[in-house]
Amino acid sequence: MGGGVAGMAAACALAEAGMRVQLAERRSYLGGRASSFLHPGVGEVIDNCQHVLIGRCTSLIDLYRRLRVLDSIRWYDRFTFLTPGGPPTVIEPGPLPAPFHSTLAFLRAPAFSFKDKLAIARGLSAFMPGLPPDSAENFLHWLLRHGQTSNSIARFWKPVLVSALNEDLDRISVHYAAKVFRESFLLSPQSGRMGIPAIPLSELYGTATGYLRDRGSEVHLRTSVDSIAPTPTGGWLTTTGNPEIPAIPSDAVVLALSFEATAALLPALPQNPASQALTTDLAQFEHSPITGIHLWFDREITDYDHAVLLDTTIQWMFNKSRLQPAHRIPAVGGSAGSYLELVVSASRSLVPMQRQPIIDLALQELAQFFPAVAQAKLLKAAVVKEVRATYSVRPLLDKIRPSSASPWPGVFLAGDWIATGWPATMEGATRSGYLAASAVTNALGAPQTFLAPELPAAGLMRLFPRTS
Ligand SMILES: Cc1cc2nc3c(=O)[nH]c(=O)nc-3n(C[C@H](O)[C@H](O)[C@H](O)COP(=O)(O)OP(=O)(O)OC[C@H]3O[C@@H](n4cnc5c(N)ncnc54)[C@H](O)[C@@H]3O)c2cc1C
């Protein structure tokens, strides 16, 4: 139930294992929070927001391989950090073995003083041996306790983390912050490289429909799950709001919804003490917003495919015309136009703002990095606010993230919020789906595992095998 990444991962794994799966999704397309839609204001299909992965996302990569879309992911080793008017800082792997593969790039980085670089090296080295356990401490507190300079926090720790975990530093668990830095900068060059889809998200994930149908399974779109009840024969009956498929009988159910949709459905499931406890735990999850600002110009603004933007409200620039061939704007007469998406994570300050002031702010800040903006004509623009983008990985949240086992035998939980050891990401969602699929095969007496193997550490990081 639920056709987001978690539901698709569970369905595809089970269909591949020979089961007949019925995948019910409330919306008219698959993908959930990672999807594209026709934006009425600009008349184009756009992604709800740029989605990226890293090399460490082994189960998501496995899902892309299953769906035969891995070739549609473009990989980048080089990250450019820009300051308004300043020289670029390029972080990329060099010849030294892990965990020192980015050291030479850091030493050359103009965005940081020598003192900043020493502080960053000292901070990162704390995560070499392994991840600290989840504790009550937040990451801002940890950074200050570890003598980080204000510039290293503003230009390194914060931009990396806020975009990876979509939350402010004082609301992030040290354990998950450490995970991001260890896996992106220390473990191996392959672990930290960034993958960006070269096709719209709905095309990427829409392939799951054919995959499932080819394996004798079915996808029901516009099918909202209303209730789930046990049957006298030990199975489950799911009722839906779709008159064409009002009831789905099954041996097992995977509930692959967001945490708030799961909470909304709980009253329509049998009540017991464990379901009461789950209701209480779900009430403790909190959302954090992401805002995407989409701008179409009459000319090229930059040669970069993407860049981290420092010292401004806008945080990342993705040059969609270069990243996705479908968004190339051909030259008519003069030069080709371009389509950029600017991403602001943990965008609480933008949520109450109107569309036009957000666009004005974005243009004014973008021009500080790319002077061509001042001469360019803005052809059209869209602002997409995802107010419930992800849940916050607050300190100690792992204490209440449930496993795939649910309060009801034969019903299993999935979704990026369950206990996978990953934050709210497509990888976390995929892992949750694969874990739920394993639990289903266990329950039905034919156990299988679906999680992909972890990436091995490289270089000297092989001396520190501990990852949790
Ligand atoms: C703006 C934004 C940017 C992001 N950027 C990144 C990124 O760069 N990299 C990354 O890895 N992750 C990113 N994420 C997070 C990522 O999108 C999510 O973690 C992941 O997609 C969650 O998948 P899910 O299947 O767990 O949940 P969802 O995507 O929420 O899927 C749940 C599905 O259940 C459906 N549903 C709900 N209720 C019912 C019902 N009663 N009956 C039937 N269906 C129902 C919903 O319509 C939905 O399709 C981003 C998210 C957002 C919003």
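1. Arg68 is exposed, with a relative accessible area of 76%; exposed means over 50% relative accessible area, buried under 20% and partly exposed in between, with a 1.4 Å probe and protein chains only. Its phi is near 60 degrees, a positive value in a residue other than glycine. Arg68 follows H2 and lies in the loop between H2 and S5. Helices (H or I, at least four residues) and strands (E, at least two) are DSSP runs, numbered from the N terminus.

2. The model is predicted: local features need pLDDT of at least 70, side-chain atom pairs count only at pLDDT 80 or more, and totals for chains, interfaces and linings use all residues. Residues are numbered from 1 along each chain as its sequence is written, and side-chain values use heavy atoms, with hydrogens and water left out.

3. Helix H2, residues 58-66, is mostly covered, with eight of its nine residues buried. The buried residues are Thr58, Ser59, Leu60, Ile61, Asp62, Leu63, Tyr64 and Arg66.

4. Leaving aside residues up to four places away in sequence, Thr441 touches Leu14, Met19, Ala446, Pro447, Gln448 and Phe450; a contact means heavy atoms within 4.5 Å.

5. Ala346 likewise deserves a check of its backbone. Its phi is positive, about 45 degrees, although Ala346 is not a glycine. The residue lies in the loop between strand S17 (338-345) and helix H13 (355-369). At 11% relative accessibility, Ala346 counts as buried, whereas Arg68 is exposed.

6. A cis peptide bond joins Ala98 and Pro99, with omega at about 10 degrees. Pro99 is located in the loop between strand S7 (89-91) and helix H3 (103-108).

7. The domain assignment gives domain 1 as 5-42 + 198-284 + 395-443, domain 2 as 93-191 and domain 3 as 287-391; such bounds come from an automatic or database domain assignment. The contact between domain 1 and domain 2 takes eight residues from domain 1 and 13 residues from domain 2. Taken over C-alpha atoms, the centres of these two domains are separated by 34 Å.

8. On the overall fold, the chain contains 15 helices and 19 strands. Its radius of gyration is 23 Å, close to the 23 Å that the globule rule gives for 468 residues, so the chain is as compact as a globular protein of that length. The radius is taken over C-alpha atoms, and the rule is 2.2 Å times the number of residues to the power 0.38. Along the principal axes, the C-alpha atoms fill a box of roughly 70 × 55 × 40 Å.

9. Buried residues make up 55% of the 468 residues. Among contacts between residues at least 6 apart in sequence, 70% join residues at least 24 apart.

10. The chain exposes about 19000 Å², of which carbon and sulfur atoms supply 57%; areas come from the Shrake-Rupley method with a 1.4 Å probe, and for residues only the protein chains shown count as cover. The mean positions of the 40 positive and 37 negative charges are 4 Å apart. Lys and Arg count as positive and Asp and Glu as negative, while His and the chain ends are not counted; each charge is placed at NZ of Lys, CZ of Arg, CG of Asp or CD of Glu.
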